Amino acid sequence: MLELPLETLKKYLRVDGSEDDEILTLLVDASKEYLTGSGVRESNTALYKLAVMMHVALNYENRNPAIKIETINFALQSIILQIKDWGVTDEISR
């Protein structure tokens, strides 16, 4: 469902060359799984694409195993909250 060309992601990350293409593809898949686990449905919206790219950037730029990523940055958290599927229905509970 997600249409995110690798070249678009590489432009976002300012990556030249193809030596990290396999890693970037793995990170995109992991980001989609992360968002699904956060209650976000996979889509082709601009915000979903941005969330995937931001999550990939966070993990790509912090690949050093000595660095611990304690929290996701505020911008990504904000996007996740905006596009999260809260399971809200049109019915009003009584």
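This is a predicted model: local features need pLDDT of at least 70, side-chain atom pairs count only at pLDDT 80 or more; totals for chains, interfaces and linings use all residues.
Residues are numbered from 1 along each chain as its sequence is written. Local features need pLDDT of at least 70, side-chain atom pairs count only at pLDDT 80 or more, totals for chains, interfaces and linings use all residues, and side-chain values use heavy atoms, with hydrogens and water left out.

The protein chain has 4 helices and 0 strands, in the order α-α-α-α. Helices are DSSP runs of H or I with at least four residues, strands are runs of E with at least two, and both are numbered from the N terminus. Of its 94 residues, 32% are buried (under 20% relative accessible area, 1.4 Å probe, protein chains only).

Ser43 lies in the loop between α2 (21–37) and α3 (46–60). Ser43 counts as buried because its relative accessible area is 18%. Leaving aside neighbours within four places in sequence, Ser43 is in contact with Met1, Leu2 and Tyr48 (contact means heavy atoms within 4.5 Å).

Tyr48 also belongs to the set Leu47, Tyr48, Leu50, Ala51, Met54 and His55, through which α3 meets Ala75, Leu76, Ile79, Gln82 and Ile83 of α4. By class, this contact has 9 nonpolar, 2 polar and no charged residues; Ala, Val, Leu, Ile, Met, Phe, Trp, Tyr, Cys and Pro count as nonpolar, Asp, Glu, Lys and Arg as charged, and the others, Gly among them, as polar. α3 and α4 (residues 74–83) pack at about 145 degrees with their axes 10 Å apart. Axes are lines fitted to C-alpha atoms over the stretch in contact, and angles run from 0 to 180 degrees between N-to-C directions.

Conventions: Buried means under 20% relative accessible area, exposed over 50%, partly exposed in between (1.4 Å probe, protein chains only).
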